[in-house]
Every structure is written in structure tokens, then in C-alpha cells.
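Please open the model in your viewer and keep the side chains of charged residues within reach.

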Amino acid sequence: MNDYYADLGVARDATADDIKKAYRRAARKLHPDVNPGPEAEEQFKKVSQAYDVLSDAEKRRNFDMGADPYAGAAAGFGQGFSFSDVMDAFFGQGAGQGQGQGPRSRQARGQDALVRLDLDLVDAVFGAEKELVVDTAVGCSTCHGAGTQPGTGTRTCDVCRGQGSIQQVQRSFLGQVMTSRPCVNCSATGQVIEAPCYECSGDGRVRTRRSLTIRVPAGVDTGTRIQLAGEGEVGPGAGPAGDLYVEVAVRRDKRFQRQGDDLHATLELPMTAAALGATVPFETFDGVSDLEVHPGIQSGEQILLRGLGVTHLRGSGRGDIIIHAMVQTPTRLSHEQEGLLRDLARLRDEEKPTGRIANPAEGSLFGKLRDAFKAR
């Protein structure tokens with residue numbers, strides 16, 4: 001076994017601060033940049049191993065109990081054997097190989113991104129092309145994902161010796177079992193960047209604002225998500241980009257209320273037009289349509305304009321426009337208008353109206369209005 005206390009020059013009851021100070025002194029003295037040469041490099045590795053063990057409370061406790069995490073695997077219980085060997089013996093070759101076996105690549109897939117896109121109702125009806133501005137990570141143009149300054153490279157990690165993982169011996173009912181954990185010094189890659197790129201700080205990617213054109217299909221509604229493959233975050237080391245999800249939010253429209261693929265609107269009619277009937281110009285997203293109002297229309301009745309609603313997102317065709325009539329009763333009358341209405345009431349024998357309670361089955365005015373507002 002190694003004597004890590006002697007390598008750092010501290011007593012076995014040294015505190016965490018004592019260990020840290022001793023390592024700093026030794027590192028400044030033995031670092032290859034300050035003291036080149038094979039002997040100093042080998043001594044620096046020993047000091048780094050000692051600090052890795054003694055600065056970790058669990059590893060230090062295991063070492064004090066006789067388990068050396070840097071001891072080579074040997075045959076026989078009690079000397080420290082690989083947990084992978086046990087798995088291979090029970091389950092076959094390769095069963096013990098898992099995370100931490102060998103260095104991993106610096107490149108990784110980027111995360112998916114989610115942005116919101118606000119649309120007018122007309123864009124949801126017909127679809128549209130929209131310019132979208134997103135803030136995402138892109139590959140660093142200075143180091144091209146390497147993470148190093150131009151003209152420099154990486155060196156083998158001194159802690160894991162390029163393996164990407166560190167072996168650790170633990171006691172079990174079988175004896176001392178050797179396990180592996182990712183090396184934190186090199187992030188399990190086996191290589192250390194000595195001169196990180198000044199643009200991306202060694203990550204291989206930078207954040208930037210970019211714009212792209214998106215085709216919004218007809219029929220989308222609030223909550224619809226559009227997936228753009230490969231337009232998300234670029235991964236570490238300029239790894240493959242994730243996907244970009246665009247979540248649609250349709251703004252409120254002043255004229256129409258959307259229900260599914262149908263559009264509902266309320267049309268206010270003068271009392272005379274409702275009684276006599278009329279042809280009313282009605283503006284839709286397709287242009288102005290001549291709306292035929294039949295004589296005697298009541299508040300709450302519906303007029304249908306087929307095929308002028310929202311385009312079906314899946315399939316062909318469109319929904320309808322459903323217009324709810326609302327008859328306006330005049331509140332201010334001139335003497336001449338009042339006289340004409342009284343003449344009309346006399347002609348219709350309505351000078352002394354008694355009124356009647358409407359049959360709910362027939363549909364009262366208030367019921368029609370209630371249903372009309374519920375529909376909205």
C-alpha cells in the first residue's frame with residue numbers, strides 16, 4: 001500500500017486544512033511547469049494521488065482501514081479485486097462493464113430548447129411563415145469545439161492517468177471489492193485542457209442570438225408545439241444539437257371566439273333590420289361576405305357561414321363561422337319615431353301587451369341569449 005500521509009508530509013491526525021496547505025506547498029514546488037523532469041513529474045503524481053485520497057473523508061476512512069483506492073488489482077480476497085471481475089464470473093464476460101469504464105468523449109448531445117411564438121388568429125386559420133429569434137448555444141468558432149486555445153491541446157489527466165475513472169477499494173463480505181467512479185479532475189474524459197479557449201472557457205460552445213424562419217401550419221392552436229429537429233442547444237464540445245420546440249400562443253381576436261375549428265361571432269342588429277330582414281356585409285378572414293338576415297330573426301339565433309372557419313390541422317377542409325344575432329332595442333326615440341311605433345303597436349293590437357311566460361321547450365329569449373353567451 002502507498003503511504004499517502006508520508007507523501008504529503010502530514011501526520012495521520014492532520015486536519016483537512018493541514019492536508020490542503022501541504023498539497024498546495026508540494027504542488028507549487030513539484031508542478032511540471034515549475035520543476036520539469038521525470039522525477040518531479042512522478043513525485044507530483046504521487047502528491048496528487050495522496051491529496052485525492054486524504055481530502056475525501058470517505059476515501060481517507062477506507063484508507064485508514066486498509067483499502068487503497070490506487071492499489072492495483074491482485075488475485076485473492078483481501079488484496080483488492082475488481083468488482084467487474086465478480087460480475088463477469090457470475091453473469092458472463094462484459095457484465096461488469098458500466099459507467100466509468102474508459103474515458104468518455106468531451107462531446108455530448110445538447111439539450112432541447114422551448115420557445116414561445118405569439119400568433120394572430122388569422123395566422124392560425126391559414127398558417128404563416130414567421131421569423132423567430134432564439135438565444136441558444138452554438139459551436140465555438142474560435143476553437144471549433146475543442147475547448148483549447150488555438151495552437152494548444154490537452155494532456156493526460158494526472159489523477160486517472162487517462163482512464164477517465166478512478167478505482168476505489170471497499171470492504172464487503174467478499175473481502176475488498178474494487179469499484180470505479182468517474183474522475184472529477186478531467187470530468188471522466190481522461191484529458192485535461194491546460195489552456196482553455198478564451199472565447200468559450202473550454203466548453204466548446206458559446207451562447208448567441210440567432211434568427212430562423214419557421215413555417216407554422218394552418219390549424220394550430222394555443223398549446224400546439226412544433227418540433228424543429230437539430231435547432232436546439234449545441235452540446236458540450238460542439239456536440240450534436242438538441243431539438244427546438246416552438247409552443248404556439250394564439251392572441252385574442254376582437255371579432256371571433258374560437259371553439260375547436262369553428263369561429264363564433266356576435267352580430268348586433270337594429271330592431272327594424274331584425275323585423276324586416278336585411279342583407280348585411282360581414283367581414284371574414286376571406287373577405288367581406290353578404291350575410292342574409294331573415295325577417296323576424298330573434299336574439300340568440302344563429303347564422304352559419306360554412307367552410308370559413310379554421311383550417312383543420314389534420315385532414316382537409318375548414319370549420320364554420322357561427323354568427324349569433326343580438327337585436328338592439330332603441331333607448332331614445334324622437335316624437336316622430338315614438339308616434340310611428342305607437343301606430344305599429346295599434347296595428348298589431350299590442351297597445352296593452354299582457355306578456356306571457358315562455359315555454360322552456362320553445363326556447364325563450366333569455367334562454368337563447370344564455371346559450372349564445374355560453375357558446376362564446
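**A tour of the salt bridges**

Select Glu247 and Arg225, whose side chains meet in a salt bridge with an N to O distance of 2.9 Å, the term standing for a side-chain nitrogen of Lys or Arg within 4 Å of a carboxyl oxygen of Asp or Glu. This pair links distant parts of the chain, with Glu247 in strand β10 and Arg225 in strand β9, 22 residues apart; strands (E, at least two residues) and helices (H or I, at least four) are DSSP runs numbered from the N terminus. Glu247 has a relative accessible area of 28% and is partly exposed, a class lying between buried (under 20%) and exposed (over 50%), with a 1.4 Å probe and protein chains only.

The model is predicted, so local features need pLDDT of at least 70 and side-chain atom pairs count only at pLDDT 80 or more, whereas totals for chains, interfaces and linings use all residues. Residues are numbered from 1 along each chain as its sequence is written, and side-chain values use heavy atoms, with hydrogens and water left out.

Next, select Arg210 and Glu231, which form a salt bridge at 3.0 Å, N to O. Here Arg210 belongs to strand β8 (residues 205-216) and Glu231 to the loop between β9 (225-228) and β10, 21 residues apart.

Then move to Asp120 and Arg251, joined by a salt bridge at 2.9 Å, N to O. Asp120 lies in the loop between β2 (113-119) and α6 (121-126) and Arg251 in the loop between β10 (244-250) and β11 (257-259), so the pair ties together parts 131 residues apart in sequence.

Finally, select Asp52, Lys59 and Arg181, which are linked in a network of salt bridges; the structure holds 21 salt bridges.
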